Amino acid sequence: MKIFRGFHHPGIADACALTIGNFDGVHRGHQAMLALLNSEAAHRGVESCVLTFEPHPRDYFAGALHKPELAPARIGTLRDKLTELRRCGVQQTVVLPFDAKLAAQSPEAFIQDVLIQGLGARYVLVGDDFRFGRQRAGDYAMLDAAGQAKGFDVARMNSYEVHGLRVSSSAVRQALAAGDMEAAARLLGRPYTISGHVVHGRKLGRELGFRTLNMRFSHWKPAASGIFAVSVQGLTDRPLPGVANLGVRPSLDPDDVNGGRVLLETHCLDWPEHLGADDAYGKIVHVELLHKLHDELKYPSLDALKEGIARDCIQARQHFETRRNPPLGIDNTQAPG
């Protein structure tokens, strides 16, 4: 998949079948839309293209209005979004910076400057609630009329449902906020996963006897938080069970090297013997958050923190043991959804 920041670049497709959206989480509704997009692109002999935005438009307006509470919780990082778009077979993704200029652009200018001149759209697929342009004045009817006048096709995809539940990024956020990782997996079509480079921290986990893989979550407001039983991929040729903390680590002081940043700290329950103490740094790992154990806790001392981590490890091991040996009448091997 080719990735471009903006559309003024050599190598960008002259013509495309296009869909537009934030695609936070790339859930099953997004996946159905992308499958249709790829089919229409192949039919027309053009590349399939996703136009997405960074930051999320609601992030931008929350900052402009000094109202952080308006920003949506973020399901996935840009890296994870692009990974899933590639997995869905998208041939080209354009990440458009959402800034004051784009926010002030009229719907008509967006169609002409971005869709037609910038991306060469021959086919545009949008969701049933799609709005665009300054003050969200543009809608499907306006886009469809422009398509008829300018010579590109426009289609709209209705909501996607799983067991009667509308699949949306909002529904995924609600499941993650509630710690219902099984519901989130059903909506996503896969376990909820965070990936990234392993970075250096204070090495406090090592001092406490629990070596951790530290990954930064590049948004201040993750949709999930707390302590989880996880599966780690990318260190060995098989997934490794672990326990992870996603959040701001309330037990640590503000002088922590990653202080103020959201961090995913993962402890592998059985560290691979062939990996040395520092061999994981710089590697890209994928951490599946499978089961929430509890919310983040603030411990009064490092000894209490160490005891808390030990309890979390026991609970995580019990979770994996239960998955290996489910109670009679329960099949944990069935795929979500």
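Here is a walk through some of the salt bridges in this structure. The model is a predicted one, so local features need pLDDT of at least 70 and side-chain atom pairs count only at pLDDT 80 or more, while totals for chains, interfaces and linings use all residues. Residues are numbered from 1 along each chain as its sequence is written, and side-chain values use heavy atoms, with hydrogens and water left out.

Let's begin with the count: the structure holds 13 salt bridges, each being a side-chain nitrogen of Lys or Arg within 4 Å of a carboxyl oxygen of Asp or Glu. One of them pairs Asp24 with Arg173, whose closest N and O atoms are 3.1 Å apart. Asp24 sits in the loop between strand S2 (16–20) and helix H1 (28–44), and Arg173 in helix H7 (residues 169–177), so this pair ties together parts that are 149 residues apart in sequence. (Helices, H or I with at least four residues, and strands, E with at least two, are DSSP runs numbered from the N terminus.) Both Asp24 and Arg173 are buried; buried means under 20% relative accessible area, exposed over 50%, and partly exposed in between, using a 1.4 Å probe and protein chains only.

Now for helix H3 (residues 78–87), where Arg87 and Glu84 lie three residues apart, about one turn of the helix. Their side chains meet in a salt bridge at 2.9 Å, N to O. Arg87 is exposed at 59%, whereas Glu84 is buried at 10%.

Helix H10 (residues 302–324) holds Glu321 and Arg324, also three residues apart, and their side chains form a salt bridge at 2.7 Å, N to O. Here Glu321 is partly exposed at 39% and Arg324 is exposed at 55%. Elsewhere, salt bridges with shared partners link Glu40, Arg44 and Asp153 into one network.
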